[in-house]
Amino acid sequence: MIDELKKEIEGARQSFVHELESIQSPEQLAALKERCLSRKKGVVGQFLARLKGFLPAEKPLAGQAINQFKEFIETALSEAELAHGATAATGGEWLDPSLPASELPLGRLHLIADIQRQIEELFQNLGYEIAYGPEVELEDYNFTKLNIPEHHPARDEQDTFFLEGFDDLVLRTHTSPMQVRYMLEHKPPLKIISPGKAFRKDDPDATHSPCFHQVEGLLVDRGIHFSHLKGTLEAFCRSFFDPGVSLRFRPGYFPFTEPSAEVDISCFMCSSQRAASTPGRGKPDCRVCKGSGWLEILGSGMVHPQVLRNCGIDPEVYSGFAFGMGIERVAMIKFGVPDLRLLYENDLRLLGQFG
Ligand code: PHE
């Protein structure tokens, strides 16, 4: 009985293929589909209806043969439908839908976003977590808790935008308030970086913009000292810029770190080609360091004990370091972009160069 069924199925398959080949229009195709697959009257349905008559031992084999037939028909029909549909859409012109599509221009991350992600990844590899903070910040976190009391001259250097009707809010002038937020909510050990936008009341020029991007770093634990800061920044700069760069720490001042240091790297365009023992002697015509041999890249220091105290952390037990880096600045240095404004003009001829 099963052999007979298989023979009949084969016969039905052949006449289906034959009919499919002679199809001229979508209507004919729909009619063929109906004849094959309609529940009761369809060819497949009729085979299925005969399953009842099979012996239990033969039933699975018979069912399998019918199902294979059904799948064959369904695949052939859907391929034909696709081809006919596509031909109809092109007004009768032949079209092969299996051909690869023509290439579309692909977008990419903006340079700033790209650099931000590279920095995030490097610090994640050093075990840092990423914490994002709000751009509209409490004045208390942006200044006061960071050891910049009201009337302190350091507030003038970071003139910012206030929000009408909200005396206690500012557009944050740096990403440092995220240090405060994080320390208030977490107990040490802490190890975070916090990238994001910052705002200052600056007129736009080649190196200033009222809105820019920074990455803050903060590490607090027992027994943290300045050499941890140096080692961390050295590891970062060597993987981000060039394995040959040297770092220079210059005394600096930030109210929320003590001691504070401005950090320069040896110019990787010209100095690194010399002996590592003589970094800082740049080539006079170097377009990146202008001959000085050094490039200023960030501010840093040991977290001020008062800041730890303001955030509920005992400075007798814990110490930490922090740093803040301008993303535009490192992007400009790394790619030799001479004017910050170029990064915001969204000229694809420029931005497309950094892929
Ligand atoms: N917030 C400082 C700035 O914007 C940078 C900084 C961050 C300095 C952390 C020290 C520690 O200039």
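This report covers the ligand site and the cysteines of a predicted model.

## Basis

The model is predicted, with local features requiring pLDDT of at least 70 and side-chain atom pairs pLDDT 80 or more, while totals for chains, interfaces and linings use all residues. Residues are numbered from 1 along each chain as its sequence is written, and side-chain values use heavy atoms, with hydrogens and water left out.

## Ligand shell

The ligand is surrounded by 14 residues, counted when a heavy atom lies within 4 Å of it. The closest are His-174, Ser-176, Arg-200, Gln-214 and Gly-324. By class, the shell holds four nonpolar, eight polar and two charged residues; Gly counts as polar, Tyr, Cys and Pro as nonpolar.

Polar contacts are pairs of N or O atoms within 3.5 Å. A polar side-chain atom of Ser-176 is 2.9 Å from a ligand nitrogen. Ligand oxygen atoms lie 3.0 Å from a polar side-chain atom of Arg-200 and 3.0 Å from an N or O atom in the side chain of Gln-214. The protein buries 92% of the 330 Å² that the ligand exposes when taken alone (Shrake-Rupley method, 1.4 Å probe).

Strands S6 (211-221), S9 (294-303) and S10 (319-326) each give two or more residues to the shell, and S10 gives the most, three. Strands are DSSP runs of E, at least two residues, numbered from the N terminus.

## Cysteines

The disulfide count is zero, with a cut-off of 2.5 Å between cysteine sulfur atoms. For Cys-267, the nearest cysteine sulfur belongs to Cys-289, 3.7 Å away.

Cys-267 is buried, at 0% relative accessibility, whereas Cys-211 is partly exposed at 23% (buried is under 20%, exposed over 50%, partly exposed in between; 1.4 Å probe, protein chains only).

Key:
A polar contact is a pair of N or O atoms within 3.5 Å; within protein, one must be able to donate a hydrogen and the other to accept it, and residues adjacent in sequence count only if both atoms are side-chain atoms. Helices (H or I, at least four residues) and strands (E, at least two) are DSSP runs, numbered from the N terminus.
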